[in-house]
Amino acid sequence: MSEIRKRTGNLIVLSGPSGAGKSTLVGAVRKHLPDLEFSISCTTRKPRPGELHGREYYFLTPEEFEARSQAGGFVEEARVFAHRYGTLKSEVLERVRRGADVILDIDVQGATQIREAAKHDAELAAAAVFVLISPPSLELLEARLRKRATDSEEQLALRLAAAERELASFRLYDYLIVNDDLETAAAELEGLFRSFRLRTGLIPEGSEPWRRK
Ligand code: 5GP
């Protein structure tokens, strides 16, 4: 690779309430940007039908999760809907160093922790970008979740309250994509991911990429 193309990668923090269409959007963008990588989180929740250990998540017992946490294995961790979730350091840091763009699908608590950690970690500060996917309105989100019909009334109320909290934190994020029309939102997300590759912060310290060797 020529010197001018040598870069570290982006650590892309992507949040959004369930029902905002995050996974559909990412799936659509991935078709055009196949090199995007994903961080596989650990969770103590049980796998849903079709989910595989090591693909969607690393499904851990509460004891296993706690041991990893105690050993300092997580970049961030949080409790979401009564379960623990965490991003493993081993899933992201090395990959970003070698130039991969890694997506972290995490909630607002995790995003807040990464923002905080970046204040004292220059490498993290250079790599992290924060994107929030929002539904057009809470009413529409509720309608989408009802249509999905996988939640009890109680779960639905919990999800909506969590969504409202998450959306209220939008200023924590650098970018906000409103998923009104799927095609438009996917094009916006793809545009963001492409432009992230051009950030000067990814060019290694001391590099003078414009100079011929
Ligand atoms: P689900 O259980 O439906 O897959 O995910 C529930 C929520 O947990 C989603 O908002 C998702 O973004 C969040 N989540 C998944 N993995 C992590 C993680 O490693 N850390 C944090 N903070 N949130 C996560």
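Which residue in E7 is the bridge partner of Phe-38?

1. Some ground rules before the answer. This is a predicted model, where local features need pLDDT of at least 70, side-chain atom pairs count only at pLDDT 80 or more, and totals for chains, interfaces and linings use all residues. Numbering starts from 1 along each chain as its sequence is written, and side-chain values use heavy atoms, leaving out hydrogens and water.

2. The partner of Phe-38 in E7 is Ile-103. Strands E2 and E7 (residues 102-105) pair in the parallel sense over two bridges; pairing takes at least two DSSP bridges between two strands. Helices (H or I, at least four residues) and strands (E, at least two) are DSSP runs, numbered from the N terminus.

3. Zooming out, the open sheet has five strands, ordered E2-E7-E1-E8-E9, with parallel pairing. E2 (37-38) and E9 (175-178) sit at the edges with a single partner strand each, so one side of each has no neighbour in the sheet.

4. Now the packing helix: H8 touches E1, E7, E8 (128-134) and E9, and its direction makes about 160° with that of E9. Axes here are lines fitted to C-alpha atoms, for helices over the stretch in contact, with angles from 0 to 180 degrees between N-to-C directions.

5. Have a look at Glu-190, in H8 (residues 182-196). Glu-190 counts as buried because its relative accessibility is 15%, and the cut-off is under 20% (1.4 Å probe, protein chains only). Beyond its neighbours within four places in sequence, Glu-190 is in contact with Val-29, His-32 and Leu-33, contact meaning heavy atoms within 4.5 Å.

How values were computed: Buried means under 20% relative accessible area, exposed over 50%, partly exposed in between (1.4 Å probe, protein chains only).
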